[in-house]
Amino acid sequence: MATVTLKGGEIHTLGTLPSTGSKAPDFQLTKNDLSSVKLSDYQGSKLVLNIFPSVDTGTCAQSVRQFNEEAAELDNTIVLCISKDLPFAQARFCGAEGIENVEMLSDFRDGNFGKAYNLEFTDGPLTSLHSRAVVVLDENGTVLYTEQVPEIVDEPNYKAALEALMDS
């Protein structure tokens, strides 16, 4: 289990993120049009998994905006923004914000993504939501970089995540 804080108070996840060099766990998530997508659908592209509790919070929204801006500059890279928000809320946010360079995906159906990546909260006010984390994968689904953000209200280290892409 990983321990993170929410405004200083400890909360816990199921475990630790996949280790660098390991094969990323497969997933099935829901797109904004309610279709399903799997990790294998992205074979051949580098991926940034920007994971967070809800797009309806300031820090989560900022991470989507920041990666949207950065993603426009990246070759052969797709940024997947993943939460348990309903696809309708994700689509509304992207439409209102003009977000076009990232894909919003929802784990609302069964929560298997949060379980497979060990980032589902097990206690506290955010129980069953995802912790804020970033996982970077190469074209073959190998983990290049992970960050479990230690304080939920803090933003991830965008620079480190993007540098992992450049180094691969």
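**Notes on the predicted model**

1. Let's start with Phe 108, which is partly exposed, its relative accessible area being 33%. Bear in mind that this is a predicted model. Phe 108 sits in the loop that links β7 (102–106) to α3 (112–116). What does Phe 108 form on the surface with Leu 34, Leu 86 and Phe 88? Together these four make a nonpolar patch with about 370 Å² of accessible area.

2. On to the overall layout. The chain contains 4 helices and 9 strands, and their order along the sequence is β-β-β-β-β-α-β-α-β-α-β-β-α. If you take the contacts with a separation of 6 or more, 66% of them are between residues 24 or more positions apart.

3. Now burial and surface. Of the 168 residues in the chain, 51% are buried. The chain's accessible surface is about 7,400 Å², and carbon and sulfur atoms account for 47% of that.

4. Then the inside. Nonpolar side chains tend to be buried together in soluble globular proteins. Here, the largest nonpolar core has 20 residues, and Leu 49, Phe 113 and Tyr 117 have the most contacts inside it. Which strands each supply at least two residues of this core? They are β5 (46–51), β6 (77–83) and β8 (133–137). There is also a second, separate core, this one of 18 residues, with Val 55, Phe 67, Val 136 and Leu 162 among them.

5. Last, have a look at Thr 77, which is in strand β6. Is Thr 77 buried or exposed? Thr 77 counts as buried because its relative accessible area is 14%, and the cut-off for buried is under 20%. The Thr 77 side chain reaches the backbone oxygen of Asp 75, at 2.9 Å. Not counting residues up to four places away in sequence, Thr 77 also touches Lys 46, Val 48 and Leu 165.

Key: Residues numbered from 1 in each chain as written. Predicted model: local features only at pLDDT ≥ 70, side-chain atom pairs only at ≥ 80, totals over all residues. Heavy atoms only, no water. Buried < 20%, exposed > 50% of the residue type's maximum accessible area, 1.4 Å probe, protein only. Contact = heavy atoms within 4.5 Å. Areas by Shrake-Rupley, 256 points an atom, 1.4 Å probe, with all protein chains shown as cover. Patch = residues over 30% accessible without salt bridge, like charges linked within 9 Å, V, L, I, M, F, W, Y side chains within 5 Å. Salt bridge = Lys/Arg side-chain N within 4 Å of Asp/Glu carboxyl O. Core = buried A, V, L, I, M, F, W, Y, C linked by side-chain atoms within 4.5 Å. Polar contact = N/O pair within 3.5 Å; in protein donor to acceptor, adjacent residues only side chain to side chain.
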